[in-house]
Amino acid sequence: MTAQRRFPLVKRGGELVKAVIALTCGHASDEGRYYVAESYVRCIELAGGIPLLIPPLEDECDLQHLLESADGLLLPGGVDIDPIHFGEEPLDGLGRVEPHWDRLELRAARLALASDLPVLGICRGAQVLNVAAGGSLYQDIASQMKGQCLQHRQKAPRWYGTHSIKIEPNSVLAEILEMQTARVNSHHHQAVKTPAPGFKVAASSSDGIIECIESENHRFACGVQWHPELMVGHYPEQMEIFRRLVRCAEEGK
Ligand code: MN
């Protein structure tokens with residue numbers, strides 16, 4: 001006897017046209033909680049995709065199975081990345097790390113890159129993408145950067161673009177935002193140090209911090225150091241970043 005589907009899939013014109021975007025959950029292991037900020041979920045929905053929340057999983061095959069049923073991947077912001085993943089010992093300025101969260105996202109990013117699944121990394125997510133592809137990070141920019149740093153942990157409202165970035169003219173980011181410079185918010189103390197092989201710098205701030213990386217070998221693999229999901233209400237062009245992810249995901253269906 002075949003199982004009956006209780007809730008038939010909602011289809012448009014006979015075809016399921018919406019892209020499913022996998023969104024990794026954060027982990028607060030001390031509190032026994034997985035979590036995700038609603039702004040990421042809303043932005044995926046507003047861009048026309050269906051968010052699929054993925055928690056840390058024990059079995060790597062389960063993660064692969066879930067990602068195979070997704071059309072794109074969004075790696076959100078969060079805590080620091082354990083420097084063991086780029087071959088360094090922890091420096092004093094390193095913040096909280098979550099081993100299971102790192103493991104989930106590094107695996108997810110590598111699976112996405114291997115199968116050319118469109119992937120967008122935001123803040124920590126951009127750093128995860130870079131490390132997954134073989135790049136390195138500043139564990140703490142203020143103590144590691146030579147010379148004076150801008151304020152990258154802003155005290156202004158979370159959505160407000162406090163520092164500017166210069167966008168590389170021939171980058172995917174320039175095509176998405178249709179801008180050569182932009183104001184972005186800044187809620188980070190880690191950053192990409194060495195971009196991974198096959199990735200290029202698409203934007204940086206005036207102190208030399210890399211604010212966007214993108215792959216030259218994938219349909220769409222991009223990491224932004226700022227938080228577009230917090231900016232979209234005041235800077236509508238930032239929604240184009242999510243639209244690009246969802247459009248690429250739809251094209252790959
Ligand atoms: Mn910044």
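This is a predicted model: local features need pLDDT of at least 70, side-chain atom pairs count only at pLDDT 80 or more; totals for chains, interfaces and linings use all residues.
Let me begin with helix 1, which spans residues 38-46 and whose buried residues are S39, Y40, V41, C43 and I44; buried here means under 20% relative accessible area, exposed means over 50%, and partly exposed is what lies in between, with a 1.4 Å probe and protein chains only. The elements that cover those residues include strand 1 (20-24), strand 4 (50-54), strand 5, strand 6, helix 7 (228-231) and helix 8 (239-251). Helices, as H or I runs of at least four residues, and strands, as E runs of at least two, are taken from DSSP and numbered from the N terminus. Just after helix 1, G48 adopts a positive phi of about 100°.

Residues are numbered from 1 along each chain as its sequence is written, and side-chain values use heavy atoms, with hydrogens and water left out.

Now the chain as a whole. It contains eight helices and 13 strands. Its radius of gyration is 18 Å, close to the 18 Å that the globule rule gives for 253 residues, so the chain is as compact as a globular protein of that length; the radius is taken over C-alpha atoms, and the rule is 2.2 Å times the number of residues to the power 0.38. Along the principal axes, the C-alpha atoms fill a box of roughly 70 × 40 × 35 Å. Buried residues make up 49% of the 253 residues, and of the contacts with a separation of 6 or more, 68% are between residues 24 or more positions apart, a contact being heavy atoms within 4.5 Å. The chain exposes about 12,500 Å², of which carbon and sulfur atoms supply 50%, the areas coming from the Shrake-Rupley method with a 1.4 Å probe and, for residues, with only the protein chains shown counting as cover.

Let me turn to helix 3. A112 is found in this helix and is buried, with a relative accessible area of 0%. Leaving aside neighbours within four places in sequence, A112 is in contact with L73, L117 and V119. The C-alpha atoms of A112 and A221 are separated by 8.9 Å, although these residues are 109 residues apart along the chain.

E105 is also found in helix 3, and its relative accessible area of 0% makes this glutamate buried. Not counting residues up to four places away in sequence, E105 touches T24, L75, P76, R124 and V128. Salt bridges that share partners join E105 with D102 and R124 into one network.

That brings us to the salt bridges, each defined as a side-chain nitrogen of Lys or Arg within 4 Å of a carboxyl oxygen of Asp or Glu. How many does a search of the whole structure find? The search finds 11.

In one of them, E88 pairs with K193, the closest N and O atoms being 3.4 Å apart. This pair links distant parts of the chain, with E88 in the loop between strand 5 (72-75) and helix 3 (99-114) and K193 in strand 10 (residues 191-194), 105 residues apart. E88 is partly exposed at 22% relative accessibility, and K193 is partly exposed at 30%.

R219 forms a salt bridge with D116, where the closest N and O atoms are 4.0 Å apart. R219 lies in the loop between strand 12 (210-215) and strand 13 (221-224) and D116 in the loop between helix 3 and strand 6 (119-122), so the pair ties together parts that are 103 residues apart in sequence. R219 is partly exposed at 40%, and D116 is partly exposed at 23%.

For the pair E98 and R96, the closest N and O atoms are 2.3 Å apart. Is E98 buried or exposed? E98 counts as buried, at 3% relative accessibility, while R96 counts as partly exposed, at 39%.

Finally, some backbone details. C123 has a positive phi of about 55° although it is not a glycine; C123 lies in the loop between strand 6 and helix 4 (124-132) and is buried at 4% relative accessibility. E178, another residue other than glycine, has a positive phi near 55°. E178 sits in the loop between helix 6 (172-177) and strand 9 (181-184), and is exposed, with a relative accessible area of 71%.
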